[in-house]
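Please keep the sequence and the model in view while reading.

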Amino acid sequence: MQRIMLRAKIHRVAVTQADLNYEGSCGIDEDFLDAAGMKEYERIELYNINNGERFSTYIIKGKRGSGEISLNGAAARRAHVGDLMIICTYGPMTDEEAAGHKPIVVLVDENNRIKEVIRKS
């Protein structure tokens, strides 16, 4: 049996841009992607702390070191600039893999800078 487990999350990151006219996706600063082990075009689930909205899209690379979190296309309707988000990736694991699995947690400060990366093993 496979279980879908949390692989990584970027916690309490602020939206920096919202562009309805872009074709879609979420731009994420490459520093965040590296810290969380996330990849461009990977599916993500987003949770808006400010309004409770939950939605999914995929990642595109944002400018490294920019703190960018840009919601594009339909996703731009789900949050406003400044809203705090939790961005998660999930993946399938066997019971054996899941038993010892701990997700990567990227904690972000009020300036959209990485404060801490938690990698428990």
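## Briefing on the sheet, its strands and its charged pairs

Strands β3 and β6 run antiparallel and are joined by 4 bridges. Strands here are DSSP runs of type E with at least two residues, helices are runs of type H or I with at least four residues, and both are numbered from the N terminus. Two strands count as paired if DSSP finds at least two bridges between them. The model is predicted: local features need pLDDT of at least 70, side-chain atom pairs count only at pLDDT 80 or more, and totals for chains, interfaces and linings use all residues. Residues are numbered from 1 along each chain as its sequence is written, and side-chain values use heavy atoms, with hydrogens and water left out.

- The bridge partner of Q17 in β6 is S70.

**Strand β3**

- In strand β3 (residues 25–29), 5 of its 5 residues are buried. Buried means under 20% relative accessible area, exposed means over 50%, and partly exposed lies in between, with a 1.4 Å probe and protein chains only.
- In a regular strand the side chains alternate between the two faces of the sheet.
- Both faces of β3 are covered, with S25, G27 and D29 buried on one side and C26 and I28 buried on the other.
- Towards β6, S25 stands opposite N72.
- With strand β5 (residues 54–62), β3 pairs in the parallel sense over 4 bridges. There, C26 stands opposite I59 in β5.

**Salt bridges**

- The structure holds 8 salt bridges. A salt bridge is a side-chain nitrogen of Lys or Arg within 4 Å of a carboxyl oxygen of Asp or Glu.
- One of them joins the side chains of R3 and D95, at 2.5 Å from N to O. R3 belongs to strand β1 (residues 2–14) and D95 to helix α2 (residues 95–100), so this pair ties together parts that are 92 residues apart in sequence.
- R3 is partly exposed at a relative accessible area of 39%, and D95 is partly exposed at 32%.
- R7 forms another salt bridge with E42, with the closest N and O atoms 2.7 Å apart. This pair links distant parts of the chain, since R7 lies in strand β1 and E42 in the loop between α1 (30–36) and β4 (43–48), 35 residues apart.
- R7 counts as partly exposed at 25% relative accessibility, whereas E42 counts as buried at 17%.
- R43 and E45 also meet in a salt bridge through their side chains, at 2.9 Å from N to O. R43 is exposed, with a relative accessible area of 56%.
- A network of salt bridges links E30, D31, D34, K61 and R64.

- D83 lies in the loop between β6 and β7 (84–94).
- D83 is buried yet has no salt bridge, and R78, the nearest side chain of opposite charge, is 11 Å away.
- The side chain of D83 makes a polar contact with the side chain of N48 at 3.0 Å. A polar contact is a pair of N or O atoms within 3.5 Å; within protein, one must be able to donate a hydrogen and the other to accept it, and residues adjacent in sequence count only if both atoms are side-chain atoms.
- Leaving aside residues up to four places away in sequence, D83 touches V13, A14, V15, N48, N50 and N51. Contact means heavy atoms within 4.5 Å.
- N50 lies in the loop between β4 and β5. A polar atom of the N50 side chain lies 2.6 Å from the backbone nitrogen of L84.
- N50 and L84 are 34 residues apart along the chain, and their C-alpha atoms are separated by 6.2 Å.

**I118 in strand β9**

- I118 is found in strand β9 and is partly exposed, with a relative accessible area of 23%.
- I118 touches P103, I104, V105 and L107, not counting residues up to four places away in sequence.

Technical notes: Lys and Arg count as positive and Asp and Glu as negative; His and the chain ends are not counted.
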